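Work through the exercises below with the model open. Each one gives a task and then a solution in steps.

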Amino acid sequence: MSTDVLGVLVIARNGDRYEFYQNPLTYQTAWTESTPLGASQSHHLGSFLRSVYLTGSSPSCIEDMSRELVDNHELHVHAKAGGEGPVIFDSAIALLQGLYPPNPANKVTLANETTVVAPLGGYQYIPIETVDPANDRSLEPWVGCPAFEQHIADVYASSEFKAVAKGAQPFFGAVRDYVFGRPTTLENAWNIFDYINTQLTHNQSYAHRLPPTLVEQARGLANFHENAIFSSKDVGGIGNLAGRTILHSIIKSLERLAFNGDPLQFHMIETSYHPFISLFHMLELAKHNPELAAIPNYASALAFELRRGPPPEDRDFVKIKFKNGSSDNFQTYHAFGHKADIPVTEFIYRLENYAITSTKQWAATCSVGYHDPYPFAQIGSQQGATSTVFAACAAILFVGAFALAKYIKRSRAKKQYIQLPDDEARVATQPMAEKARRPL
């Protein structure tokens, strides 16, 4: 139904990395690092996105966007800086290398008529804004959230979870010798799968020993586990927390893409797998496509294309596409049971009331005590650095006020005088603090 692509928001998962432990009760994480394989996967995804959105022969090409040399007003990039350490940032860099590869035209001519090409054959340096959970909860809202931890406990106590755990006992007995002391329980399903999958990829001797069916069984149980944790039947439920915080960025991006006066045409968010699961449920994609109720593969991408409807339509529509890691192309999915692209106005209307837009709202959702002099500071892509900026400004003002007070105190001290009883002359006195500071 819809035609020209006006702009796109792409949410991308990081590439391969080494083992990544998540606490089954709190989802606190341990350190990990990216791998050359992960960088290659993300670079391949970047090249794919270039072929879709920056190639003139593609039906999804963004016509007015710079294709060879990046215009940083048109492209905005965010990367999660929480759990998984530098992995997600590394993946963002690799993806951008594929999206805008080195170009010899990335050069400058100096006043002396010397031409200088950027290093590495014209490497294009694209700014990446990191999203630190200490300042912005949009990409990692579940850590440090008591209400989410209670949700995890409720999932583990549910009859469905206990039934699956009971049925999985033969698997846990078989896999015990291959996970080397790690708890073999359904609660620990993510860590079991991640360990096996990592070893199977990077450890040849382990790969030769592992029975062929164990990794798929581990994957199935991890999918069940993560889908139960990061979803809720109610769109506004606590299980959808990962989707509700990133939703604010999605809506604001679509609004910016739709506004003719805004140069933004491509917004890329590099993050972990968690919000994918929540969004698939919130948009009712998993309801009609059960295969999406699972952990997306490395270097997966979820795209929200803003498209202009064909004449006589005078409306913009959202086309949703998903590429599950190694799959060759995007697959199109329709939100809320639609049979075609959804009008952007309906998309926003259905979801905006569920978006968590401020740290204060996140704290209320998580049942966290919260006090901040700027309680309505927004979270998400548009205002992610607000708290940091406010803190920096406050620090500068404090230092300035302290210095001014000290200057005034010294000035007043120098102007203190004593009236001698027998002399009209005025003699200036020095403060005690000044006397004490004689050179040694």
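**Exercise 1.** Determine how many disulfides the structure holds, and describe what they join.

Solution. The model is a predicted one. Step 1: the structure holds 1 disulfide. Step 2: its partners are Cys145 and Cys366, with an S to S distance of 2.1 Å, which falls within the 2.5 Å cut-off for a disulfide. Step 3: the two cysteines come from distant parts of the chain, 221 residues apart. Cys145 sits in the loop between β5 (129–131) and α4 (146–157), while Cys366 belongs to helix α14. Step 4: the angle about the S-S bond is -100 degrees, and the link of Cys145 and Cys366 is left-handed.

**Exercise 2.** Decide whether Cys145, Cys366 and Cys61 are buried or exposed.

Solution. Step 1: Cys145 and Cys366 are both buried. Step 2: Cys61 has a relative accessible area of 4%. Step 3: buried means under 20%, so Cys61 counts as buried at its 4%.

**Exercise 3.** Place Ile356 in the chain and list its contacts beyond the neighbours within four places in sequence.

Solution. Step 1: Ile356 lies in the loop that runs between α13 (344–351) and α14 (359–366). Step 2: Ile356 counts as buried because its relative accessibility is 0%. Step 3: with neighbours within four places left aside, Ile356 is in contact with Leu241, Arg244, Thr245, His248, Gln361, Trp362, Thr365 and Ile379. Step 4: for Gly243, 113 residues from Ile356 along the chain, the C-alpha separation from Ile356 is 9.2 Å.

How values were computed:
Residues are numbered from 1 along each chain as its sequence is written. This is a predicted model: local features need pLDDT of at least 70, side-chain atom pairs count only at pLDDT 80 or more; totals for chains, interfaces and linings use all residues. Side-chain values use heavy atoms; hydrogens and water are left out. Helices (H or I, at least four residues) and strands (E, at least two) are DSSP runs, numbered from the N terminus. Buried means under 20% relative accessible area, exposed over 50%, partly exposed in between (1.4 Å probe, protein chains only). Contact means heavy atoms within 4.5 Å.
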